Amino acid sequence: MSTHLLLPALLLGALAWGRAAAQSKLNISKVRATPPVALSYPFMTDSANLKGEKFEAKALLTTAFLVNRKDFGEEIAADTSRYVLFPKAKEGGELRFFSFGVNADRYAKLKVAITSPGMLELYVNGKKELSKTTAEDSLQSAKKVEKEIAVNPGATEFSVKYLSLSSSKLPQEAVSVLVEAKDSAVTLTERGDRRPIRINDILEGEKVSGASISPNGRFVVLSYASVNEEGKSSRYSALYDTKTAKSLYIDKPMWWMPTSNKLYYTAQRGYSNALIGVDPATMSESVLAPSIPKDGDGFRIAPSEQFLIYSMKESFDERKGDLLNLQSPQDRQEGYFDRRYLYRYDLSTGVNRRLTYGKRSTALNDISRDSRYLLFSVSDEQITERPFRKSSLFMMNLETMQVDTLWTDEKYAGSAAFSPDGKKILIAGAPEAFGGVALNLPQGVMPNSYEGEAFIMSLPDRKVTEISKRFDPSISRMAWRSDDEIYLSVVEEDYENVYRYSVSKKTFAKLGLQEEVVRAFSPARSAAAAAYVGVSASSSTRAYAYDPKSGKSTLISDPSKERLEGIALGSVTDWHFTASDGALIKGRYYLPPNFDAAKKYPLVVYYYGGVTPTPRTLESSYPLHVYAALGYVVYTLQPSGTIGFGQEFSARHVNAWGKRTADDIIEGTKKFAAEHPFVNEKKIGCIGASYGGFMTMYLQTLTDIFSAAVSHAGISSIASYWGEGYWGYAYSATASAGSYPWNNPTLYVEQSPLFHADKIKTPLLLLHGMEDTNVPVGESIQMFTALKILGRPVELIQVKGENHGIAAYKRKIEWSHSIYAWFARWLQDDPAWWNSLYPEKK
């Protein structure tokens, strides 16, 4: 690998948000240097190669070597003549790197000039930009090389790769660097110890994505995802031993057996798909089954570890030709006529038994701890009645094949799991499930079906009891710890926490975990132990071992620690207000690094508004710390309709389509700006995506407080989204519960921004993936068309090859830069970045 490909990841921590005097011209006053790497001339078997070329000293400059961030340990200051001086090679040649950083307060074109008598290469953000392949004998005759380089706001990383030769007549080597902005309004500063965060920092690097603990609680399998500076991703795992605090790299995906403390994986052995067991203490392997089915959609090993249950797909779509007669709105999606059935495979005998058959798919829910019973569900489409699906749950005796029906045609129940003693099942569902036993709303108020509730069914009498009716957090995941103890992962305001529920006492207790958002929680089956992965507003992913008895969390993985140590993040502060209707609306705000309360900053307001809160995470598609690092105060809030605040609050989302939610955003923005004198009230921008993109458009029809607005994948016409989006009518089963274009045209017209486009005067940036199946790209196109006809300031960026979110690394960088440049244009009165990305066509 060439050296310049290694540099971006390695130099991240070396640059900083400088505190030097602001200016548009910088003579670099100091650099950080690596130790020299000694070079020698190659052995000359001949005086020239086949082209007749003789070996020259400049060829040594192309030598690649690995550079680590810690290698840049020596700081060298420039002398009074602005040269950085260092010893020349004593014998042969030496290569070393010098790094320095420049921060620009806006998009800028810089002229970088390097004067030196030696040979060198300049890298900018890891990419080679220029070379000097001549050497001079004196400082007076030193030549200058220069290049114009466009840089984005924030930190730019520069590295000089320098070749020193012992044959030089100079007493020492010297380099002088001048960086000058073409626009004198640009402010440049040199690095300090840390630098502002960039979108690359969000996308790149190593993150721990999952943790799974062994049944006895000793070992934890940690899953990692890594993205390099070229956008290439990779995944791997590691085995952590809580007893020795040591980690071992695992080169293949592995999972825990349900009862014994062994790992397993599958591997092709000859013509067979073998199930391999692994002892985590010794990593020795054994064949658990020489041949298991390999054509299924995944499997689950029974607690007895004597058999596995797997699902097999069968396709029944026999339609051919270019004309397709759709059977349902869902028939537009691939696999509408696919069905999945359950099979049992005995590991010792190899006997493969089919368990289910019919017109409908069956899905495995759980296997009882004694491995005698199976829970499986059947789902039916019910297109004539919301929520357009219904489910039935069955319990199969695996010894007799007798099947008991636990419920039929339940519209709002989800998955179920056996209690350890097999006498109860734990059920996930919406407030309306089981006749609405979990409803906690006034008469006539429709609940938000995205609000997660929990239920327990007693198997002997089939009685269903709700356990969360008066528990405000929304339950997202559940797991039995014992017959009397359940772990609940919940959305609680803008946090994601874990609770312990006592079945006998009917009480909830929040676990004191170390992160604001717990993304994965894995309790041990047969020990008082757990592992979890979490993130927070100002920290990346970390993994912990957890002791439920003491409540102590032990950090076992922090892959982003070194990376974040070199980055300056501004503060994050909670800020709440009481709305005009008396509701407490919670939020938080982010300040720029090196915030100066005496200054006025433009404000960016971020929201979603479509059911879920904006979580307290560092990394996201809209990383709020990155916006703050670009010189904005950032305010995000959890408006009416959001889950995690109780059923009454989330019910405000139903049949609203912006009502009350928009009022909260407008009122919150005005109050926040009024209460914080460092906010420039005339420079406020807003941004949202999906339902948040709809909110962006809708807000501009109601208010003129925003100077710039951004909508990604937003909905402009509720009716067209309802009918055309793959999940439009299904999502509307909650958002527009019971309302359709024919029975409530007022909702579909009056709440649609498109029908009020003439009220929009705010400069609006529309972005949309061209392959979006959730919110079709036409939603942005029709708003773009309307505003163009009206002569309003609007831009539409269509992203090729992308669906509802932007996934590809390069496109995500360009998409993010487009948003930042739009805000710079309208909130910072600096159109240069935007114009460089999208030059005006004449």
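Predicted model: local features only at pLDDT ≥ 70, side-chain atom pairs only at ≥ 80, totals over all residues.
The largest pocket holds about 1400 Å³. Helices H7 and H8 pack with their axes 10 Å apart.

**Cavities**

- The model contains 3 cavities of 30 Å³ or more.
- Lining the largest cavity are Ile28, Val31, Val84, Phe98, Val160, Val175, Ser176 and Val177.
- Strand E12, spanning residues 173–181, gives the most to this lining, with 3 residues.
- By class, the lining of the largest cavity comprises 7 nonpolar residues and 1 polar residue, with no charged residues.

**Largest pocket**

- A total of 46 residues line the largest pocket, and those nearest its centre are Arg300, Met478, Ala479, Pro523 and Arg525.
- The greatest contribution to the pocket lining comes from strand E35 (residues 474–482), with 7 residues.
- The lining of the largest pocket divides into 29 nonpolar, 10 polar and 7 charged residues.

**Packing of helices H7 and H8**

- Helix H7 covers residues 661–675 and helix H8 covers residues 691–700; the angle between them is about 70 degrees.
- Angles of 65 to 115 degrees count as roughly perpendicular, and H7 and H8 are therefore roughly perpendicular to each other.
- On the H7 side, Thr661, Ala662, Ile665 and Ile666 take part in the contact, meeting Met695, Tyr698 and Leu699 of H8.
- This contact of H7 with H8 involves 6 nonpolar residues and 1 polar residue, and no charged residues.

Definitions and conventions:
Residues numbered from 1 in each chain as written. Heavy atoms only, no water. 1 Å grid on protein atoms, 1.4 Å probe; cavity = no way out; pocket = protein on both sides within 12 Å on 5 of 7 lines; lining within 4 Å. Points joined across faces, edges and corners; volume = space filled by probe spheres on them. Helix = DSSP H or I, 4+ residues; strand = E, 2+ residues; numbered from the N terminus. Nonpolar A, V, L, I, M, F, W, Y, C, P; charged D, E, K, R; others polar. Axes fitted to C-alpha atoms, helices over the stretch in contact; angles between N-to-C directions. Parallel < 35°, antiparallel > 145°, perpendicular 65-115°, else oblique. Contact = heavy atoms within 4.5 Å.
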